[in-house]
Structures are given as structure tokens and as C-alpha cells.
Amino acid sequence: MSLSTVASSLGVLELPCSRLSPISTNQIKFLTILAKRQPRRRRRRELSFTPFPILIHSNHHLRHGLSKPQYSFHRAHCTGEAGHSDTTDKSSVTSVDDNEEARSESYVGLFVRMLGLDNDPLDRDQAIEALWKYSLGGKKCVDAIMQFHGCLNLIVSLLKSESSSTCEAAGGLLRSIASVNLYRELVAESGALEEITALLSRPSLATVVKEQSICALWNLTVDEGIREKAADFDILRLLISFLEDDDVNVKEAAGGVLANLALSRSNHKIMVEVGVIPKLAKLLKGDNTENKGSKVIRKEARNVLLELAKDEYYRILVIEEGVVPIPIIGADAYKSFRPDLYSWPSLPDGIKIEQTAKAPSRFGASELLLGLNVDKNVDEVDEAKMKAIVGRTNQQFLARIGAIEFEKEIKSEGPEKSQQQQQLTLLPCVDGVARLVLILGLADEVAVSRAAESVADACINEEMRVSFMEAGAVKPLVQLLANNNKESVKIPVIRALKNLSLSRTVCKRIEAEGAVPFFINLLKQPETSLSITEQILDVLAHILDPSKEMESKFYEGPVNGSKADSRKEALDAAVISRLVQIAKTASPNLLRKAISVIEFGTVTDPTMDTIISEDITTVLDVALRQNVLDEPENEDKELEKHLLELEEAGLTISAASRLLTKLLDSESFRHTVDMTLFTELLRKILRSNLPLHYKDWVASCLVKLTSPSLNNPINVEVTLYKTIPSLVEQMSFSSTPEAKEAAVLELNKIVSEGVPESTQALASHGGIEPLVKLLEERNERCVEASLSVLYNLSMDSEYHTAIIRAGAVPVLRRIVMSQRPQWEKALRLLRDLPV
């Protein structure tokens with residue numbers, strides 16, 4: 001086969017244009033052998049990219065050199081291999097003669113010249129394969145290739161080839177060049193990212209091509225500037241698809257690229273949007289048996305998820321996929337773990353298993369085979385308990401044999417100390433929950449505090465909170481709260497209990513473990529910081545929630561005597577006094593929690609003497625005076641902030657109104673309270689723009705403050721600002737016909753009784769449109785009541801346009817034409833409308 005060596009039309013190589021003899025296989029092997037014999041040398045300093053002079057040989061010398069490929073080579077002291085980082089091995093003495101090095105450089109120039117677009121495609125294929133093999137010799141070989149101007153453009157252009165071998169060689173050569181720090185930016189500027197993306201987007205692509213191309217991306221994304229360019233939606237979509245490839249090397253390379261991209265926080269958003277977290281969590285958990293043998297995939301998946309978990313929101317998404325962040329505390333911390341050498345089996349949460357055998361087995365078989373005993377009550381062990389048993393068994397076994405962690409101790413000095421002490425790993429939910437519970441029982445206070453923080457972060461939903469409860473996390477946390485006085489431990493423990501208490505089921509377990517007295521003691525101490533006080537009130541508000549207390553009495557029966565006595569003793573005069581003191585100077589959020597705990601005292605002490613004896617009216621006055629009820633001056637800039645403040649104020653006002661309503665049952669309180677003051681405050685709140693569902697207790701309290709006369713102005717305001725809006729909302733959004741029927745019947749009653757301004761309130765809250773929709777119902781009572789209300793509205797011509805715009809005319813005509821029972825009222829309404 002003849003080979004054309006005409007200069008490239010790009011004009012980037014200054015080499016002679018002449019005809020050469022065919023290139024033999026021995027000539028290609030020369031560069032490969034010489035590359036393997038290249039010595040590795042230590043780079044003393046990073047050099048900037050400056051091209052070396054191009055060696056030009058005559059055709060006669062070139063043919064002479066290629067026609068005699070038999071040379072004597074000496075074994076090098078070391079051989080180099082391409083890697084994913086810059087080559088910095090120790091230098092060795094070279095045994096290659098100077099004329100052989102010069103001749104090899106001339107061969108490199110020849111093969112680079114053969115990459116020209118005007119050469120035969122087969123010649124270009126042979127040239128790129130030879131250069132790829134030559135580049136595997138290390139940095140010196142890469143430097144020899146990169147000294148020729150424009151070679152990168154020619155290499156990148158070969159990624160468009162239809163030949164798999166050519167694409168593989170081009171990708172492999174770019175991979176070798178990108179392993180050198182000096183050339184990564186040049187590779188990116190040559191358009192390699194775009195061409196690699198186009199290559200990987202092909203529907204059918206050889207595995208070796210995918211591997212080399214993705215590995216080239218792996219090396220390129222080591223540079224931070226290139227990572228931002230590579231974080232493209234198309235590239236990420238391809239990488240995620242390659243995580244499910246049949247070839248393990250392709251999976252590992254794709255995971256490596258994602259791990260590099262995750263090092264830049266600016267890439268996290270697009271990575272989450274494209275769906276990285278579910279795919280990597282599945283690989284990390286080992287749901288697929290094919291992935292369990294690849295440690296590289298699991299390592300890269302863990303690195304990506306750990307980087308994403310540094311953000312609070314993304315950490316929630318990671319935990320939702322079934323993996324939990326676990327602190328790395330060092331193997332020495334686990335030496336304090338003391339398992340029970342012999343004990344009757346129990347569940348992780350402390351529940352003892354009933355011992356039915358009359359005498360213990362001689363060889364312990366009754367304990368060993370306990371889990372295999374299947375009886376009629378086997379269904380009582382739910383899935384959460386089974387997972388807790390499996391997780392506890394796994395983690396305690398690893399701790400006993402010393403294989404739970406292999407690092408003895410995490411030690412460092414300087415600015416990196418805090419970062420290394422905060423190292424995390426990821427474990428599946430079953431093992432992760434059990435590991436955290438195990439750490440909570442260790443003697444190392446730093447490890448315990450970090451585990452408590454991880455428990456608090458992991459309690460993102462009901463399932464996780466119940467999992468920690470079943471695994472036995474509540475008992476050690478309460479013990480730490482009682483026995484450890486260090487604030488560094490107490491703060492994360494209280495935070496963990498606060499997040500666990502969001503579950504009503506876990507609340508009962510926290511109270512059963514005796515946590516309430518310890519929280520009360522902390523609350524009584526004046527030196528307790530404001531942040532700790534707020535978290536304590538959070539837990540107490542969840543445990544001592546009056547609404548949940550009444551609900552538990554209804555569904556679960558009355559509270560037993562010991563539990564009721566402990567609650568009554570906990571909320572003594574000193575605690576109420578402390579709560580009143582906190583509420584007077586607290587933020588709206590803290591004020592609401594303090595009021596909620598005080599309200600629980602009305603449940604445990606029906607006489608309410610302890611609460612009334614304190615300055616409770618001042619607390620109620622502060623709670624009901626909310627400046628946020630006024631409209632903001634600059635609505636465009638402060639609207640979002642105003643809505644959040646309004647939501648918080650609504651919760652505080654609702655709690656205060658509920659407490660005031662219960663206190664009004666006491667005659668002594670009614671004689672001491674200024675009824676007029678609270679009536680005016682509640683009326684102002686009722687007329688404000690506070691969300692409707694926060695006005696329930698406000699309206700109830702107002703009614704209780706006044707006489708039950710119909711003509712009472714307080715009752716009228718309650719009807720206009722609470723009852724009518726609630727009925728309109730019920731008509732519009734209720735999913736049951738019965739609820740809609742009840743709402744329209746009540747509205748008809750209010751309007752028919754002539755409540756002042758009732759029609760205006762009905763129209764202003766959008767009641768006309770749902771009334772017209774109810775005309776199409778088959779329920780005759782709904783149609784009858786809707787026609788009556790609409791007829792009363794039509795008495796005022798101001799509402800004619802709104803009734804017509806709501807589509808009432810066609811519906812009324814159908815009622816008349818079909819001779820339904822209400823056709824006379826419909827006809828009368830049509831005559832009143834201007835149609």
C-alpha cells in the first residue's frame with residue numbers, strides 16, 4: 001500500500017512534502033518499543049507550553065532509517081504507564097543513544113504529519129494508533145507529540161471517524177495528553193469536549209471507544225475551570241446512562257467523571273436536576289448484584305453523594321434515597337464498646353422477648369434458635385423492627401471483630417484539623433441507623449456529639465424517625481441529656497430529640513424514657529442560652545401538645561395515674577413563672593411555643609390557679625399585638641418576607657386565642673381580665689388579612705367574650721369575616737357533595753336572616769362563581785338554596801355583571817326549558833338580570 005505524505009491543508013505543520021515508501025509494521029513497532037523504554041524523570045517545576053523545534057529530515061535519510069528497524073535496545077530501569085494524574089516518578093539513567101532519540105522524534109513528526117486531512121484515511125488510522133501507543137510511554141513521549149503545532153486539532157478531528165479503532169486511538173491519545181497538567185487547558189480549547197460529547201451520543205458505540213473517551217473526560221475534569229465547561233446537561237445525561245452500561249470499566253470511568261464534577265459546588269444544581277442522586281444511591285446500596293464487586297463504582301458514588309450532601313437541601317434528597325451520612329470517628333473510639341456477653345435476647349429498642357422455656361438449654365440452643373421460632377404472633381414484628389435487628393447484628397459483629405473502621409485515629413494539626421475531624425461516609429439506611437445508635441453508646445464525647453448531629457440531620461420524615469426509635473436511639477439520647485453536662489454534647493442531643501419528637505409515636509417513647517423532667521430542669525436554669533431554650537420548648541410543645549393530649553384520651557383512653565402525676569409535677573409554679581418570663585421578651589416563634597406549654601397546664605390543672613396567679617394577661621397582650629398584620633409599604637420587595645412573618649404571627653395568635661378561650665372558663669380570670677381590651681384586639685385581628693384558618697380560635701374567643709345575641713356587633717363581625725369566607729371556601733374546594741350542600745344551606749340561612757353586609761361579604765370573597773356551579777348539580781336542595789342566594793344578590797344591580805360573567809344565564813335557561821322544580825325561581829332571576 002502506498003502512503004501519501006503531502007502537507008496538511010490546514011497549514012499547521014512545516015514538514016517537507018514528498019512521496020514516501022510504504023510504512024511497515026516494524027516501523028510502527030519502533031515507536032512503541034522506544035516509548036516503553038523512555039525513562040521517567042522528576043519535573044523540578046511546571047513548565048509553560050513552548051513548542052520545540054521541528055526536526056526535518058530528507059526523504060533519503062527517512063527511508064534509510066525506516067528500512068533498518070533492527071536496533072539494539074537496553075532495558076530501561078523503569079517503564080511508565082499512563083495515569084489519571086501528572087507523572088512525577090523518580091528519574092533513572094537512560095540507555096538510548098542520541099541518534100536513536102533524534103530518529104524517534106523524526107518518526108513522531110512523520111506520524112503527526114500523517115494525521116493531515118488530505119492523507120488517506122487508512123494512513124491516518126495507522127498514524128493515530130502509533131501515536132497512541134507511543135504516548136503510553138509517559139510525559140516525555142507526550143511532550144514529543146505536543147511540540148508540533150496544531151496536532152491537537154488533527155487528533156480531535158479524528159473523533160468524527162466512522163472507524164471504531166480510529167476513535168478509540170484518538171480518545172486514548174487525548175486521555176494520555178490530558179493526564180499532563182500542562183496540556184489540559186489546550187485539549188479543552190481544541191474542542192475536545194464538544195467532539196467527545198458528539199461521539200458518546202452515537203446510538204451504537206464500541207465499548208473500548210466509550211471507555212477511552214470517558215477516561216479522557218475523567219482526566220480533563222481534574223482542572224476546575226474545565227469542570228465548569230463540562231457540566232453540561234447533555235454530558236451529564238450521557239454519563240448517567242453509562243452508569244448502567246454492561247462493561248465495568250465504562251461504569252467506573254463515568255463515576256470518576258461525576259466525582260470530579262461534584263468537586264465544584266456550582267455544578268451541584270444541574271447534577272441534581274439531571275437525576276444523579278437516585279442512580280448513585282442505587283449503586284452505593286448494591287441493589288444490583290453486578291455492582292457489588294466493583295469497589296471503584298461504590299467509591300466514586302460515595303464521593304459524589306458526600307459532596308452533594310454538604311448542602312442541606314441535597315442532603316435530604318440523598319437520605320430519601322436510603323443512604324445515611326455517618327461520621328468517621330476512628331477505630332480507637334470503638335474500643336469502649338462493651339457488648340453483653342450473655343443476655344436473654346431483646347429488641348433493639350429495649351423490649352424484652354418473653355422467656356417461655358422452663359429451663360435454659362445446656363448449649364444455648366434456645367437463645368440461638370429463638371429467631372427461627374415461628375408462631376401465630378410472628379406478624380407482630382413489623383418491618384422496622386426486623387431492619388433494626390439486622391442492622392444491630394451487623395454493626396455489633398463488626399465492632400466485636402475490630403473491622404468497623406480501620407483508621408486508628410484521625411489526627412491532624414493546622415487549619416485542616418477541623419475538616420478531617422468532620423469526615424463522613426455513607427451507609428445504607430439499615431446499617432447507617434444501627435451504626436449511629438452504636439456510636440451514641442461509646443465513651444468518646446466527640447464521637448457521640450457527631451453521631452447526635454447525624455441523627456438530627458437524618459430525621460427528615462416519619463419513616464426515619466420510627467427507624468431510629470426501633471433501633472433504640474431514644475434511650476441513649478435521654479441518658480446523655482441526664483448525665484452529660486457539657487454543652488458540646490448537650491446541644492446536638494437536644495437537637496436530635498427535637499427532630500425525633502416531630503413524630504407522635506416517638507414523642508410517647510421520649511416521654512416514657514423520662515425526658516420531660518430533664519428538659520424542665522434545663523428550662524428552669526437562667527443561664528440556659530436562648531438557642532437551647534428554643535429547642536427545649538420545641539420538644540416540650542410536641543410532647544405536651546394539648547390537642548394531641550385530648551386526641552390520645554379519645555382514641556387511647558385516659559392517661560394512667562403515674563404519667564399524669566409526673567406531668568402535673570413537671571408544670572409547677574416555678575416552671576410557669578419561667579415560661580411567662582420567657583414569653584414576655586421572646587420572638588413570635590418562641591412566644592408561641594411557650595404559650596403552647598402553658599396551655600397544657602390548663603389540661604393538667606382544671607382550676608388554673610397556678611397560671612392565673614402569674615402575669616398571664618401580659619403574655620396574651622404581647623401575643624395578640626402583632627405589627628405584621630399591617631400591610632407592607634413596599635409590596636414588591638417585601639411581599640415574600642411579609643407572607644412568612646404573617647404565617648408565623650398567625651400561629652402565635654391562634655395559640656394565644658386558644659389559651660384565652662380556655663382561661664375564660666375560670667370565674668376568677670374573668671373578674672381580673674380587661675374584657676374590652678381583648679375584645680378590641682381580637683376584632684382587629686378578625687378584620688385583618690390574616691389567613692382564614694388562623695381565625696378559628698379568634699372567632700370562638702370573641703363569641704365567648706360577648707353575649708350570644710344575634711344583633712350583637714361582635715357576632716356580626718364573626719359572621720362577615722370568618723363564617724362567610726369559610727363557607728365560600730367549603731363550597732369551592734370541598735370534594736364531597738354533602739359538604740357543599742351544608743355550606744350553601746348555611747349561606748342561604750345567613751343571607752335570608754338579613755345579616756348586615758352579608759351579600760357584600762359573600763361577593764367580595766368570590767362566592768358568586770361557586771353558587772352558579774352548584775346550579776348544575778343534581779341535588780335539588782343545593783339548586784334551591786343557590787337560586788335563593790343569587791336572587792338576593794341580584795337585588796343589587798352592582799352584582800349583575802359578576803353573575804352574568806360567572807355563566808349563570810345559560811344554566812338558568814336550561815333549568816327553565818327542562819321544567820325542573822325550581823324553574824319559576826330561575827325565570828324570576830333571569831328577568832332581574834339585564835339579558
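Mentor: Start with contacts. A contact means heavy atoms within 4.5 Å. Look at those in the protein chain with a separation of 6 or more: 75% of them are accounted for by residues 24 or more positions apart. The model is predicted, local features need pLDDT of at least 70, side-chain atom pairs count only at pLDDT 80 or more, and totals for chains, interfaces and linings use all residues. Residues are numbered from 1 along each chain as its sequence is written, and side-chain values use heavy atoms, with hydrogens and water left out.

Trainee: How many helices and strands are in the protein chain?

Mentor: There are 46 helices and two strands. Both are DSSP runs, numbered from the N terminus: helices are H or I with at least four residues, strands are E with at least two.

Trainee: What makes Glu470 buried or exposed?

Mentor: Its relative accessibility is 5%. Buried means under 20% relative accessible area, exposed means over 50%, and partly exposed is in between (1.4 Å probe, protein chains only). Glu470 at 5% therefore counts as buried. This residue lies in helix H23, residues 462-470.

Trainee: Which side chain does the side chain of Glu470 join in a polar contact?

Mentor: That of Lys385, at 3.2 Å. A polar contact is a pair of N or O atoms within 3.5 Å; within protein, one must be able to donate a hydrogen and the other to accept it, and residues adjacent in sequence count only if both atoms are side-chain atoms.

Trainee: What class does Glu453 get?

Mentor: Partly exposed, because its relative accessible area is 30%. Glu453 lies in helix H22, residues 445-458. Leaving out residues up to four places away in sequence, Glu453 touches Pro492 and Arg495. Its C-alpha is 9.5 Å from that of Val489, 36 residues apart along the chain.

Trainee: What makes H22 mostly covered?

Mentor: In H22, 10 of its 14 residues are buried. Among them are Val448, Arg450 and Val455. At the start of H22, a side-chain oxygen of Asp444 comes to within 3.0 Å of the backbone nitrogen of Val446.

Trainee: How far does H22 reach, and what is expected?

Mentor: From first C-alpha to last, H22 reaches 20 Å, close to the 20 Å expected. The expected span is 1.5 Å times one less than the number of residues. Helix H37 (residues 675-687) has 13 residues and reaches 18 Å, close to its expected 18 Å. Its buried residues include Phe678, Arg683 and Leu686.

Trainee: What does Glu717 contact, leaving aside its neighbours within four places in sequence?

Mentor: Arg683, Leu686, Arg687 and Lys722. Glu717 lies in helix H39, residues 713-733. At 11% relative accessible area, Glu717 is buried.

Trainee: What is a nonpolar core?

Mentor: A set of buried Ala, Val, Leu, Ile, Met, Phe, Trp, Tyr and Cys residues joined through side-chain atoms within 4.5 Å. The largest has 105 residues, and Leu440, Phe468, Phe519, Leu540, Ile616, Leu663 and Phe669 touch the most other members. Apart from that core lies another, of 87 residues, including Val108 and Leu280. In soluble globular proteins, nonpolar side chains tend to be buried together.

Trainee: Which residues is Ile616 in contact with, beyond its neighbours within four places in sequence?

Mentor: Val580, Ile598, Ile611, Leu659, Leu663 and Phe669.

Trainee: How much of the protein chain counts as buried?

Mentor: Of its 835 residues, 49%. Its accessible surface comes to about 41800 Å², with 51% belonging to carbon and sulfur atoms. Such areas come from the Shrake-Rupley method with a 1.4 Å probe; for residues, only the protein chains shown count as cover.
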